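Please look over the sequence and the structure shown here before reading the report.

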Amino acid sequence: MTIAVKRVPIKARKRLQTLMHDYFLNLDAAATDSNRNVAWCTSVGPCEILTAFGYEVYFPENHGAMLGARKISHECIPAAVAIGYSAESCSYMTSDIGSALSGVSPLTEAFGISGPPKPDLLCYNTNQCREVQDWWNFFGRRHNAPVMGIGPPTHLDLVTEAHTDFVRNELSQLITRIESQTGTKMDWAKLEEAVDKSSKASSLWRKVLDTAQSHPSPITFFDGLIHMAPVILMRGSQHAIDYYTLLLAEMNERTNAKEAAVTNERFRIYWDGMPVWPKVREMSEKFFDLGLCVAASTYCNSWAFEEYTGGDPLAWMAKTSTKIFINRDETFKQKFLLDMCKQFDIDGMIFHNARTCPNNTNSRFGMAQRLRDESGLPVLVFDGDLSDVRFFSTAQTMTNIETFVEQLEGRCR
Amino acid sequence: MRENLFIGIDVGSSATKCVILDNTGTWLGHHVVSSGVNYADAIDTVVSHALLQAEGSKKDIAYCVSTGYGRKHVTFSDRFVTEITAHARGAREWNPSVRNIIDIGGQDTKYIRIDDNGQLIDYRMNAKCAAGTGTFLESIAVKLGMTLSELDELALKSTAPTLVNSYCTVFAGTEVIERIKEGQSPEDIAMGLFHSIASRVKEMIPCSVETVGVTGGVVEHCRALVIALEEALSGAIIEAPMPQHAGAYGAALLALESNPIFESKVDHA
């Protein structure tokens, strides 16, 4: 008789559900209150500036991820394609635009609200990709709201003072533009406070992720995909700090008790690239059954910024905007990944070639093969997408993953 | 009456194959049928026929390993392995010197690299698109109103293969119609299709290779493909003696190597 092995749920998730519910209800209320304003912002900022202006901040990429995770994206994408947005461009963008055109949103079922809050301002940062600019522009036109943003220098190996000075200047100009647009002066004390809180939340999030260095790991990439929400959506608030303090304590408890996220952890995996949102549950279960623990990932680590030590909040924002992994060149990324594999005692690497997200895919210029040669670790590259399941074959991907396990087993013999 | 039969079943997207070995690794029976839409029927048919050849019955099965996309449908399997591991094992048994293997099946094409001990070092599967697979050829053969064997026979008469550019099965089909309209010979167009597959296969091999073992149903049924692969790859092609059965053979060998008499907990009957 086989005994089904159950995973031990993370207790903090209950608190997360409440936080998420409150966050979206607050946004919904703000959107209908003439005395309050809502700004849309890219996930990597510059949300602290918007907070300092008193905006309630909403993140469309989170909506894109929810459309995928709740398996709605494939119904929405055709509407965006029909008005000229390529099916081969970012499926967060096409599904989000399609969602607006179709009047469908996962926020209705999840939180009982009609959909994303109407924006008074849309603010982007192209340090992750250029698509966000065009995505924001669609909604700017639709809601007759101003769109503005910054464009840091991209694909950098070394980040120099010249780079961060340039971005700091862009941020400064952005503040001036918002002030001129709204006739309101930014509260610099509030900016410093938001940056300080962002940094603290981010730092705690990194500590949470670092608990995965333990054997067995108390957390996996698939858990991280759920618990990363506050570091994006509530960055700059006390809520995020409190949440990660709670989560970190639980992870430390699990580490001390040797409570594994993947019972019978056999192999430790590094995941590079985006999740396949519509298949997260299926893949999580597959990995669990195979004893594969994704102990580290590029994606969850994207919001683990360096600490703010006071002084110049804009300089900190400029640095975080420029230094993040996605904004770097392959030389930097390769060194980073290699280092992560050592730190987390990784047995093999999996690269997701997300067909509509070239910027968050790192297997297109030979890096997976170079890393395999340099580290000696087995590497798997599979085709898929972050949200558009038409680019994903379940049978082929699962065979790929099972073969990867057979390869890992072969190395142990 | 036989005892201690070791059985490998490869439930592929197009065909289901079965190989039965005795405890010395000698072939006692094998069979292949179209997988159709009912895997259970296909599995039952291949196993029954192969057992008949082996002069055994299900209760004589000491250990069973199943592979292929439908491997989990083999309800009496002791162990499931992926077709990559199974094909590598089968190809290596036939030719111990082989280190690089190409398997061209109905649904996908795989590149497999093994080390001197037969351990998997690297592998790749074609992208989701059907180009480069048996389905690609079958689809275009249907469009041209012929069978895959007829397409193969036609291609073997080619003197100057046509270049088929498209990666997409649908667009390649359109391209074929365009070439026919231009007056190019059907033989050259047919061979162009096999070269198109060989060119996709070449993209999957990351290093220069001296020899490549080839397996899979398409290799077994299409001589033109073997010729196209020989031209496309710099290395010599080592064709498995029964390419379509390589996966099932590999699975049967893995069954034999599992020391099954003591391990099997499955009632095969």
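This is a predicted model: local features need pLDDT of at least 70, side-chain atom pairs count only at pLDDT 80 or more; totals for chains, interfaces and linings use all residues.

## The four-stranded sheet of chain A

In chain A, four strands form an open sheet in the order β6-β5-β7-β8, and their pairing is parallel. Strands β6 (292-297) and β8 (379-384) of chain A stand at the edges, and because each has a single partner strand, one side of each is left without a neighbour in the sheet. From one strand to the next, the twist averages 30 degrees.

Within this sheet, strand β5 (residues 267-272) of chain A runs parallel to strand β7 (residues 348-354) of chain A, and the two are joined by 4 bridges. On this pair of strands, A:D272 stands opposite A:F351 in β7(A). Strands of a sheet pair through backbone hydrogen bonds, either parallel or antiparallel.

A:W40 stands opposite A:Y58 in β2(A).

From β1(A), the residues A:V38 and A:W40 point one way, while A:A39 and A:C41 point the other way, and all of these are buried.

Helix α18 (residues 394-412) of chain A lies across β5, β6, β7 and β8 of chain A, and its direction makes an angle of about 175 degrees with β8(A).

Between the two chains, 13 residues of chain A are in contact with 13 residues of chain B. On the side of chain A that touches chain B, α18(A) gives the most, with 9 residues. By class, that side of chain A has 2 nonpolar, 8 polar and 3 charged residues.

A:C341 is found in helix α16 (residues 330-343) of chain A. With 22 other C-beta atoms within 10 Å, A:C341 reaches the cut-off of 20 or more and is therefore buried.

Leaving aside neighbours within four places in sequence, A:C341 is in contact with A:Y270, A:I346, A:M349, A:S375 and A:L377. A:N353 lies 12 residues from A:C341 along the chain, and the C-alpha atoms of these two residues are separated by 19 Å.

## The two domains of chain B

According to the domain assignment, chain B has domain 1 (5-89 + 245-263) and domain 2 (99-239). Taken over C-alpha atoms, the centres of domain 1 of chain B and domain 2 of chain B are separated by 27 Å.

Where these domains meet, 11 residues of domain 1 of chain B are in contact with 14 residues of domain 2 of chain B. Helix α2 (residues 83-94) of chain B provides the largest share of the side of domain 1 that touches domain 2, with 5 residues. By class, this side of domain 1 of chain B has 5 nonpolar, 5 polar and 1 charged residues.

How values were computed. Residues are numbered from 1 along each chain as its sequence is written. Chains are lettered from A and ligands numbered from 1 in the order in which they are written. Two strands pair if DSSP finds at least two bridges between them. Axes are lines fitted to C-alpha atoms, for helices over the stretch in contact, and angles run from 0 to 180 degrees between N-to-C directions. Two residues are in contact if their C-beta atoms, placed from the backbone, lie within 7 Å. Ala, Val, Leu, Ile, Met, Phe, Trp, Tyr, Cys and Pro count as nonpolar, Asp, Glu, Lys and Arg as charged, and the others, Gly among them, as polar. Domain bounds come from an automatic or database domain assignment. A residue is buried if 20 or more other C-beta atoms lie within 10 Å of its own, exposed if 12 or fewer, and partly exposed in between; C-beta atoms are placed from the backbone.
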